[in-house]
Amino acid sequence: MGRPGLNRRQLLAGLGGLTVAGSLGFAALGTGADALASGADTRVRYWNLFSGGDGANMIAMLDAFRKEHPDIAVKDSTLQWGNPFYTKLAMAAAGNRAPELGVMHLGRVAGFSPGRLLDPWDENLLAKYGVRKEDYNPALWNRGVIDGKLYALPLDVHVQLCFYRKDVLKKADLLGEDGRMIEVGSTGEWFDVLKKAKKVQKKGLQTIGLWTNDQNFQWWFFVAFYTQLGGTWFNDDNTEVLFDPDKATQVLEFLRQHVTDGYVIPGAPTGEQFINGAPFTWEGNWSVPVFSGAKLEYGATPLPPVFGKQATHAESHAFVLPHQAGRGGATNEGAHELAAYVVQHALQWAAGGHIPAYTPTLSTAAYQKLTPQNEYVSAMDHQANEPKVWFAGSTGVLAQDLGPMVVSSTMGSAKPASVAERMKKELTKLLASKNPMDGHTAAQGGAVA
């Protein structure tokens, strides 16, 4: 991209000593060989942030790759989720100590100084191993494109969902002939559904879990419904704020009504309540293994299109190439081959609830038999994403700054209209601020595909 490199000292100054100091104390846990003791010709170091069920599924895919590719030794390391992971990855790239392959949330890529801290993918090399642009949802693929180059190869789409108890909804006559929740197309219809469900639910439980005190979930829900209303954030050049306080107020009032009408118990454990019989909960698709493991009779659909347009909040895990001064050769090709393999063998990954990004997987008989995954796979085609700017993305500055504002409205400590105006002021401030990774504003950062 023609920009000078970013050294370790500059990065430390940009990130701030406190954040960096906090990132140095955690260890990376690996399952691969530390050296080429196996006799393999090439080693690929791979950093990820997958733990729990996701971690187990990823290890299973890596072990399958190792078995089929004994010439490539994969050294995988699992690091702490969230900002500590991104700090450590940035420091490694700036200090020329980066692994060959990494994982990021797609929304964070624009802020990771592509061209300095990330290297672009070789699309011809990906095609050699079976992955092409045509195999992806166009909007999803383009989210990883910065200044005409692919910097992120999506592995999945993970979305916010409306989980529902079929046993409860059946009593309330809220299931269609197909055994799924009836369709909802307006806020009035949605609150009518909640009213009917509340009449037949167990006493002492909430009707729906909304994570009312959680800034991340409340922000994700806001993004979904603001997108349903056709709300926008900035102009194409990221020089002007187009955020609409009137539309934002509608969304905030909608979220608040769940509390004022008594359908939510603020602070209640959402997942536990759902397992114990609450009719609804809004959760990420990563809750599928939990609810399936509890052997519930349940379904999951994208967030209801209460404002008339299908849109549910979505993020993605994506493979990236952390910057290496001498990137190339066998190790770089090995990174491409490994990423392409995992992308194409993501049926195992779908067991964790994620929607595979590689679209040929979605048409396989094995995927179409997965429940409730086959009920919400359509979310791939109506994703509500955060704007493509350096301060967006999972656990990013945007969620940290605006998420608490949404919580204050939902919980009733601030009025929706005043919160909407505060959100616009904060967006104006963020748009003028500089990315600590490279000192560029969103307009200067080349974040437009």
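Q: How many aromatic pairs does the count come to?
A: The count comes to 36 aromatic pairs. Rings of Phe, Tyr and Trp (its six-membered ring) pair if their centres lie within 6.5 Å; planes under 30 degrees apart are stacked, over 60 edge-to-face, the rest tilted.

Q: What kind of pair do Trp 220 and Trp 286 form?
A: Trp 220 and Trp 286 are edge-to-face, at 6.0 Å centre to centre and with 75 degrees between the planes. The pair links distant parts of the chain, 66 residues apart: Trp 220 is in helix α9 (residues 215-228), and Trp 286 is in the loop between β11 (280-284) and α12 (288-293). Helices (H or I, at least four residues) and strands (E, at least two) are DSSP runs, numbered from the N terminus.

Q: What should I know about the model itself?
A: This is a predicted model, in which local features need pLDDT of at least 70 and side-chain atom pairs count only at pLDDT 80 or more, while totals for chains, interfaces and linings use all residues. Residues are numbered from 1 along each chain as its sequence is written, and side-chain values use heavy atoms, with hydrogens and water left out.

Q: Why is the pair of Phe 221 and Trp 282 edge-to-face?
A: Because the planes of Phe 221 and Trp 282 are at 75 degrees; their ring centres are 5.4 Å apart. Phe 221 is in helix α9 and Trp 282 in strand β11, 61 residues apart. Phe 221 is buried at 0% relative accessibility, and Trp 282 is buried with a value of 0%.

Q: New topic. How many residues has the largest nonpolar core?
A: It has 78 residues, and Leu 101, Leu 153 and Phe 319 have the most contacts inside it. Such a core is a set of buried Ala, Val, Leu, Ile, Met, Phe, Trp, Tyr and Cys residues joined through side-chain atoms within 4.5 Å. A second, separate core of 59 residues includes Ala 172, Leu 252, Trp 282 and Leu 431.

Q: What sits at the ends of α10?
A: Asp 244 caps the N-terminal end, with a side-chain oxygen 2.9 Å from the backbone nitrogen of Asp 246. After α10 comes Gly 262, whose phi is positive, near 80 degrees.

Q: And where is Trp 233?
A: Trp 233 lies in the loop between α9 and α10. Trp 233 is buried, at 7% relative accessibility. Leaving out residues up to four places away in sequence, Trp 233 touches several residues, including Trp 219, Phe 222, Phe 243, Asn 385, Pro 387 and Leu 427.

Q: How far is Trp 233 from Gln 324?
A: Their C-alpha atoms are separated by 34 Å, and the two are 91 residues apart along the chain.

Technical notes:
Buried < 20%, exposed > 50% of the residue type's maximum accessible area, 1.4 Å probe, protein only. Polar contact = N/O pair within 3.5 Å; in protein donor to acceptor, adjacent residues only side chain to side chain. Contact = heavy atoms within 4.5 Å.
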